[in-house]
Amino acid sequence: AACVYIEKLYDTFGDWNLVLAAYNGGPGYLQRKINSVGSNNFWDLYPHLRRETRNYVPTFIAVNYAMNYAGEHGIVTVPSKITFTDTDSVFVLPSIDEMVTSTVL
């Protein structure tokens with residue numbers, strides 16, 4: 001469903017940075033910003049967007065870069081100490097969600 005939605009956003013905005021911003025902030029919100037600023041360039045819109053939406057695109061780019069070029073920067077994966085076949089349930093405290101959300105922003 002997310003892929004279909006992202007494809008629809010691309011059909012609407014025609015630019016991957018705008019697609020990501022619309023995915024995060026909503027297509028109506030982004031279209032209103034495009035109309036009010038008078039530009040459909042994400043970097044022109046950047047200072048006019050809500051902080052969460054403004055930071056979503058650079059964060060996505062940074063994570064994509066880190067995942068693709070991890071080895072060139074000495075970043076290696078650490079094997080998990082959890083044996084998932086032996087795990088029935090994982091309980092996550094509400095504070096973890098808040099920590100992840102604040103880290104992503």
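The axes of α2 and helix α5 (residues 51-68) come within 9 Å of each other and cross at roughly 130°. Axes here are lines fitted to C-alpha atoms, for helices over the stretch in contact, with angles running from 0 to 180 degrees between N-to-C directions. α2 and α5 are therefore oblique to each other; angles under 35 degrees count as roughly parallel, over 145 as roughly antiparallel, 65 to 115 as roughly perpendicular and the rest as oblique. The crossing of α2 and α5 is right-handed, a label used if the near helix is turned clockwise from the far one by less than a right angle, with anticlockwise giving left-handed. On the α2 side the contact (heavy atoms within 4.5 Å) uses N17, L20, A21, Y23, N24 and G25, and on the α5 side E52, T53, Y56, V57, F60 and I61. Sorted by class, the residues of the α2 and α5 contact come out as seven nonpolar, four polar and one charged. In this sorting, Ala, Val, Leu, Ile, Met, Phe, Trp, Tyr, Cys and Pro count as nonpolar, Asp, Glu, Lys and Arg as charged, and the others, Gly among them, as polar.

A word on the model itself. It is predicted, so local features need pLDDT of at least 70 and side-chain atom pairs count only at pLDDT 80 or more, while totals for chains, interfaces and linings use all residues. Residues are numbered from 1 along each chain as its sequence is written, and side-chain values use heavy atoms, with hydrogens and water left out.

Stepping back to the whole chain, the protein has six helices and zero strands. Both are DSSP runs numbered from the N terminus (H or I, at least four residues, for helices; E, at least two, for strands). Of the 105 residues, 19% count as buried, where buried means under 20% relative accessible area, exposed over 50% and partly exposed in between (1.4 Å probe, protein chains only). Among contacts between residues at least 6 apart in sequence, 31% join residues at least 24 apart.

Back to α2, this time with α1. The axes of α1 and α2 come within 9 Å and cross at roughly 125°, which makes α1 oblique to α2. This crossing, too, is right-handed. From α1 the contact draws on A2, Y5, I6, L9, Y10 and F13, and from α2 on W16, L18, V19, A22 and Y23. The residues of this α1 and α2 contact are eleven nonpolar, no polar and no charged. In the loop between these two helices sits G14, which is partly exposed at a relative accessible area of 45%. G14 and N40 are 26 residues apart in sequence, and their C-alpha atoms are 9.7 Å apart in space.

α2 also packs on α3, at an angle of about 125° and with the axes 7 Å apart. That makes α2 oblique to α3. Here L18, A21, A22 and G25 of α2 meet P27, Y29, L30 and I34 of α3.

Of its 14 residues, F13, L18, L30, I34, F42, L45 and L49 touch the most other members. At least two residues of this core come from each of α1 (2-13), α2 (16-25), α3 (27-37) and α4 (42-45). The largest share, five residues, is supplied by α2.

L49, one of those core residues, lies in the loop between α4 and α5. L49 is buried, with a relative accessible area of 4%. Setting aside neighbours within four places in sequence, L49 is in contact with Y29, L30, K33, F42 and R54.

Technical notes:
A nonpolar core is a set of buried Ala, Val, Leu, Ile, Met, Phe, Trp, Tyr and Cys residues joined through side-chain atoms within 4.5 Å.
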